Amino acid sequence: MTVATLLRNTLRNPAGLRPLLLAASVCLLSFATFWAAQRAAGVSMIDLMVYRAEGRTVLDGRDLYAMRATSVQLPATYPPFAALLFTPLTLPSVPGLRTLATAGNLLLLVVFAQLSLRLTLPADRLPRPWVTALWVAAAAVWCEPVWTTLRYGQINLLLAVAVLWDLTRRDGHRWAGAGTGFAAAVKLTPALFAVLFLIVGLVRAREDGWNPWLRRAATAALVFCAATLTAAAALPRDSLHFWSVTLFETHRVGSAENTANQSLRGVLARLLHTGEPALWWTATAAAVAVLGLATAVAAALRGERAAAMAACAATALLISPVSWSHHWVWCVPIALFLWTRAGARWALAAALVFCSYALWWVPHGTGRPELAQGAAQMALSALYPLTATALIGYVAVSVVRPWRTSRTA
């Protein structure tokens, strides 16, 4: 349901305005309290400042990947297309930019909640999607991944909305896949969803020929290539450097063992007390990629699009060299999926993990204390990957296995 449709329905039925006003009031109160708490904490929105510096570097014609920004000298790590998108960030003042980024992310959170509900709940169980979305957003803003996304001024919600927009389009929609292609051109991790589209489409092509999943994959590939080629034309030197050098510098974004790194590589670095678990991570990530993607494909082939989303998102976050805790905003649709499939108990357990901030209870900061973690500390700093692994297992057992059994019966 679009905003315009929501307004028309409300005007036709004024009695339906009361739940909307209540939900909007609670959501605004939650957002205002959140905003005040972030300002009281003196958040720097440091990643937003890096984005702004990238945009300035592009406009000045300087070397993008030699740039260092902020007091901690952070480098550019995204593809060149992202830097092109960041050029408008140089227009407002820094205080104005921080305000716009916070307001924009809060609006995106409401849209993200609505798309998550649309994907995970049947329409007949969701009579007032925007009302429910406001309630979900009011609560979700306090979970750790969303908190840190806004704290750093990150773009995670924008990219997640782009992918979920694709997944909630009807079959045959002209632009389905464009959001995923765009997201992958900005930050490579969402490209795993395009791989999911392609594999599902190829499997279905054996019986159906050209199908909506192949169309999604093709659209995603075209948008990704168009964006990447546009960046190559505008920034040829930076593009060559990124795709030949920067892409493979996994150390560039930070220490693998950092407690904020909630990927398999981070878990293994802390477990093995080493800054670079290269061999172990490569083998483990490859195995998880195959199993997780196979689970997502099988769920999609059964028509379980929400399950496919959950498994694919969990897999992408696990196998990425670095999945900072703020990348895990996918916990919102995952928790809603668990609510509808596994029940309130499991959904609340997942929500507790992402609202506990437990990964920050362990020693962290300068001096790389994560390399000396004990067993309990390792468990706390691996809660997100453990939850993602359990989720993939749940999808495989509850969605995929019954389907295989029914086909062989």
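Mentor: Start with helix H16, whose buried residues are Cys 331, Val 332, Pro 333, Ile 334, Ala 335, Leu 336, Phe 337 and Leu 338. The model is a predicted one. H16 covers residues 331-341, and eight of its eleven residues are buried, so the helix is largely enclosed by the rest of the structure. After H16 comes Gly 343, with a positive phi near 105°.

Trp 330 belongs to the largest nonpolar core, a set of 103 residues. Together with Leu 109 and Phe 112, Trp 330 touches the most other members of that core. Helix H15, residues 305-319, gives the most to this core, with twelve residues. Neighbours within four places in sequence aside, the contacts of Trp 330 are Phe 112, Ala 160, Val 163, Leu 164, Phe 193, Met 309, Ala 313 and Leu 317.

Helix H9 is another enclosed element. It spans residues 178-186, and because eight of its nine residues are buried, it is largely enclosed by the rest of the structure. The buried residues of H9 are Ala 178, Gly 179, Thr 180, Gly 181, Ala 183, Ala 184, Ala 185 and Val 186. The cover over them includes helix H4 (80-85), helix H8 (156-167), helix H10 (191-208) and helix H11 (212-234).

A polar residue in the interior is next. Thr 102 sits in helix H5, which runs over residues 94-120. Its relative accessible area is 3%, so Thr 102 counts as buried. A polar atom of the Thr 102 side chain lies 2.9 Å from the backbone oxygen of Arg 98. Leaving out residues up to four places away in sequence, Thr 102 touches Trp 35, Arg 39, Met 45 and Leu 150. For a sense of scale, the C-alpha atoms of Thr 102 and Trp 281 are 35 Å apart in space, and these two residues are 179 apart in sequence.

Now the surface. Trp 243, Leu 247 and Phe 248 form a nonpolar patch there, and their accessible area together is about 290 Å². Phe 248 is in the loop between helix H12 (236-244) and helix H13 (264-272). Its relative accessibility is 59%, so Phe 248 counts as exposed, the cut-off for that class being over 50%.

Most residues other than glycine have a negative phi. Tyr 357 is not a glycine, yet its phi is positive, about 60°. Tyr 357 is placed in the loop between helix H17 (344-355) and helix H18 (375-380). Arg 368 is also a residue other than glycine with a positive phi, near 55°, and is found in the loop between H17 and H18. With a relative accessible area of 23%, Tyr 357 is partly exposed. Arg 368, at 42%, is partly exposed as well.

Terms used:
Residues numbered from 1 in each chain as written. Predicted model: local features only at pLDDT ≥ 70, side-chain atom pairs only at ≥ 80, totals over all residues. Heavy atoms only, no water. Core = buried A, V, L, I, M, F, W, Y, C linked by side-chain atoms within 4.5 Å. Buried < 20%, exposed > 50% of the residue type's maximum accessible area, 1.4 Å probe, protein only. Helix = DSSP H or I, 4+ residues; strand = E, 2+ residues; numbered from the N terminus. Contact = heavy atoms within 4.5 Å. Polar contact = N/O pair within 3.5 Å; in protein donor to acceptor, adjacent residues only side chain to side chain. Patch = residues over 30% accessible without salt bridge, like charges linked within 9 Å, V, L, I, M, F, W, Y side chains within 5 Å. Areas by Shrake-Rupley, 256 points an atom, 1.4 Å probe, with all protein chains shown as cover. Salt bridge = Lys/Arg side-chain N within 4 Å of Asp/Glu carboxyl O.
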